[in-house]
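Colleague: Let us go through this model by question and answer.

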Amino acid sequence: MSHDHHHHDHDNELDPMAARVRALETILTRKGLIDPAAIDVIVDTYETKIGPRNGARVVARAWSDPGFADWLKRDATAAIASLGYTGRQGEHMQAVFNTDETHNLVVCTLCSCYPWSVLGLPPVWYKAPPYRSRAVIDPRGVLEEFGVTLPKDKKIRVWDSTAELRYLVVPQRPGGTDGWSAEKLADLVTRDSMIGTGLAREAA
Amino acid sequence: MFSEPWQAEAFAMVVALHERGLFTWAEWAERLSAEVKKPDAASDGSDYYGCWLAALERLMAEKGFAGHDEVDAVAAAWERAAHATPHGRPILLENDPESVL
């Protein structure tokens with residue numbers, strides 16, 4: 001089928017959102033407030049270099065090094081920075097440790113504050129209204145939707161992130177992993193287990 | 001993480017502007033929160049970066065860095081430039097046939 005006569009087959013279309021982003025970038029660049037090259041670097045960093053593997057290394061280190069675990073409990077910002085992961089927004093980090101008695105769950109009811117430096121960018125569900133509202137009201141129900149069923153007597157503690165304070169859940173170390181290297185342990189640490197909507201993988 | 005390139009660019013602009021000290025992260029979180037809490041925000045979070053962009057535009061207008069009308073005008077120029085650019089060639093603002101630059 002041929003194109004109709006009004007159609008220019010070499011037209012490009014910019015959708016309105018893309019055009020507005022370009023417009024902002026143009027205006028701010030002209031004013032010297034941003035550098036397009038720096039924008040590219042940031043995009044590349046978040047798309048390829050920062051992700052949940054960072055957090056997994058933090059957790060695996062805490063599992064295998066009691067001194068580090070203790071530091072992480074007392075001053076997570078410094079302990080995490082010692083591994084080279086520093087927040088760009090000057091936010092403070094707090095590590096919350098799962099135990100036999102308590103499971104921790106992280107949410108941002110305000111918007112989507114998230115520990116970017118250790119987990120990368122948040123998953124879509126974390127930013128969506130249902131999770132943001134229900135994690136506080138019905139954490140047990142939310143966890144079940146994620147396939148996590150906790151013993152009835154296990155307490156669930158929900159941590160609401162802010163622009164200044166972000167949380168990292170340290171899941172419980174799976175059994176049967178004695179003597180494992182930190183590198184091997186890190187493979188058991190999933191993104192969701194560090195948000196609290198999952199548990200660490202079982203040792204295969 | 002980003003479903004379209006403009007989302008990544010909008011995200012990175014906020015990070016870059018914040019790093020230059022043009023606003024605090026708390027100021028940003030407040031604007032973003034206002035957008036995502038609007039009653040017409042999608043319940044599946046699919047318009048999250050739309051909210052992000054709206055919050056950025058609002059903050060830039062409030063700070064006097066980029067007014068709404070100015071963004072409208074330059075965005076229209078980008079759309080005209082895109083139309084005037086043959087497929088497969090980079091879209092440049094200079095390609096806007098109505099450009100007065």
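Colleague: What radius of gyration does chain A have, and what would a compact globule of 204 residues have?

Modeller: The model is predicted. For 204 residues, a compact globule would come out near 17 Å. The box around the C-alpha atoms, along the principal axes, is roughly 70 × 40 × 35 Å. Chain A itself has a radius of gyration of 21 Å.

Colleague: What share of the residues in chain A is buried?

Modeller: Buried here means under 20% relative accessible area. Chain A has 11 helices and 4 strands. Of its 204 residues, the buried share is 50%.

Colleague: Why is strand β2 of chain A described as largely enclosed by the rest of the structure?

Modeller: In a regular strand, side chains alternate between the two faces of the sheet. In β2(A), Thr102(A), Asn104(A) and Val106(A) point one way, and His103(A), Leu105(A) and Val107(A) the other way. Both sets are buried. Strand β2, residues 102-107, is therefore largely enclosed because its buried residues number 6 of the 6.

Colleague: Which residue of β3(A) is the bridge partner of Asn104(A)?

Modeller: β2(A) pairs with strand β3, residues 155-160, in the parallel sense. The pairing runs over 6 bridges. In β3(A), the partner of Asn104(A) is Arg157(A).

Colleague: How far apart do the centres of the positive and negative side chains of chain A lie?

Modeller: Lys and Arg count as positive, Asp and Glu as negative. On that count chain A has 24 positive and 27 negative side chains. The distance between the centres of the two sets is 5 Å.

Notes: Residues numbered from 1 in each chain as written. Chains lettered and ligands numbered in written order. Predicted model: local features only at pLDDT ≥ 70, side-chain atom pairs only at ≥ 80, totals over all residues. Heavy atoms only, no water. Helix = DSSP H or I, 4+ residues; strand = E, 2+ residues; numbered from the N terminus. Rg over C-alpha atoms; globule rule 2.2 N^0.38 Å. Buried < 20%, exposed > 50% of the residue type's maximum accessible area, 1.4 Å probe, protein only. Charge placed at Lys NZ, Arg CZ, Asp CG, Glu CD. Pairing = 2+ DSSP bridges.
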